[in-house]
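Please look at the sequence and the structure before reading on.

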Amino acid sequence: MKIDLTGRTALVTGSSSGIGYAAARALALADAAVVVNGRDERRVADAVDGLREETGSTKVTGIAADVATAEGAADLVGQLPDVDVLVNNLGIFGAVPVFEVPDEEWVRYFEVNVLSGIRLARHYAPRMVGRGWGRVIFVSSESAIQIPTEMVHYGMTKTAQIAVSRGMAQEVAGTGVTVNTVLPGSTLTEGVREFIADRVGRDVPFEEAERRFMETERPTSLLKRLIRPEEIGNFIAYVASDLSSATTGAALRADGGIANTLIP
Ligand SMILES: NC(=O)c1ccc[n+]([C@@H]2O[C@H](COP(=O)([O-])OP(=O)(O)OC[C@H]3O[C@@H](n4cnc5c(N)ncnc54)[C@H](OP(=O)(O)O)[C@@H]3O)[C@@H](O)[C@H]2O)c1
């Protein structure tokens, strides 16, 4: 069994770092022509260089655009009218007690985490249907099914992604296009590394800080460690490939068993 995306074009939003970067890397290793995205030109260019070097692929390119806005999304699809694989990875998080989240923040979280993906899928998915093959993948979170008390507004957006993804999958039923969500658990990105340093203490060596964080703040994890971004990237590459053809309308957990539920 080999994941082969030769001849496919893949866009990963928010991929100049973190899980998006790892997904772009896995897709490039599977020979897809990968388009990296982020708001900052320099960071996008650095990510393209990094991915070309790490994967040996010459088919990695980048588009700097703020896809959380209608203008940014229009700019991106103007430059890239068609993709075979759309990974709606862009997402923001932050801890704020639920009764202290103002209206504007609820709206902003919806726009960045949910509407950004809807806009791009609305453009790309019907065109995939026209060609008879496509993959739309929303990167959600275990927070979708296990709402974190300290960031309910984030959890709300992650649950909404599952609803939207399922509905879109129903809309494109029987066309060769699949739509799914991937639910990572706590993953070691730069943002999470900082988050743990804040919670556990900056003087604690990282391995020990990770162990303590998992024990006290993520006790239900069956993995007992943070997930590495490449573990999510590999999973996304599988879902993006022909091999996942019987999987659509699904919420797929790659959370190290942290969500203590049987379904999904
Ligand atoms: N890390 C975790 O533990 C974890 C767990 C479960 C689920 N997730 C989900 O995984 C996804 C990725 O999370 P992450 O932690 O890997 O993120 P991250 O490390 O914070 O990466 C964010 C990326 O998105 C880009 N970005 C931010 N705002 C943007 C915008 N408006 N338009 C385009 N690009 C933008 C950033 O570049 P610029 O700043 O230059 O734009 C950067 O490349 C999110 O949907 C998140 O909810 C993460």
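The model is predicted.

**The ligand and its shell**

The ligand has 29 residues around it, and those that come nearest are Ser-16, Arg-39, Asp-66, Asn-89 and Tyr-154. By kind, the residues of this shell divide into 15 polar, nine nonpolar and five charged. Three elements each supply at least two residues of the shell: α1 (18–29), β2 (33–38) and α5 (152–171).

| Residue | Protein atom | Distance to a ligand oxygen atom |
|---|---|---|
| Asn-89 | backbone N or O | 2.8 Å |
| Lys-158 | polar side-chain atom | 2.9 Å |
| Asp-40 | backbone N or O | 3.4 Å |

How much of the ligand does the protein bury? Taken alone, the ligand exposes 900 Å², and the protein buries 89% of that.

**Two packed helices**

Helix α1, which supplies at least two residues of the ligand's shell, also packs against helix α8 (residues 229–239). Two packed helices are described by the angle between their axes and the distance between the axes. For α1 and α8 the angle is about 50° and the axes are 7 Å apart. Angles under 35 degrees count as roughly parallel and those from 65 to 115 as roughly perpendicular; α1 and α8 are therefore oblique to each other. The crossing of α1 and α8 is right-handed.

Methods
Residues are numbered from 1 along each chain as its sequence is written. This is a predicted model: local features need pLDDT of at least 70, side-chain atom pairs count only at pLDDT 80 or more; totals for chains, interfaces and linings use all residues. Side-chain values use heavy atoms; hydrogens and water are left out. A residue is near a molecule or strand if one of its heavy atoms lies within 4 Å of it. A polar contact is a pair of N or O atoms within 3.5 Å; within protein, one must be able to donate a hydrogen and the other to accept it, and residues adjacent in sequence count only if both atoms are side-chain atoms. Accessible areas come from the Shrake-Rupley method with a 1.4 Å probe; for residues, only the protein chains shown count as cover. Helices (H or I, at least four residues) and strands (E, at least two) are DSSP runs, numbered from the N terminus. Ala, Val, Leu, Ile, Met, Phe, Trp, Tyr, Cys and Pro count as nonpolar, Asp, Glu, Lys and Arg as charged, and the others, Gly among them, as polar. Axes are lines fitted to C-alpha atoms, for helices over the stretch in contact, and angles run from 0 to 180 degrees between N-to-C directions. Angles under 35 degrees count as roughly parallel, over 145 as roughly antiparallel, 65 to 115 as roughly perpendicular and the rest as oblique. A crossing is left-handed if the near helix is turned anticlockwise from the far one by less than a right angle, and right-handed if clockwise.
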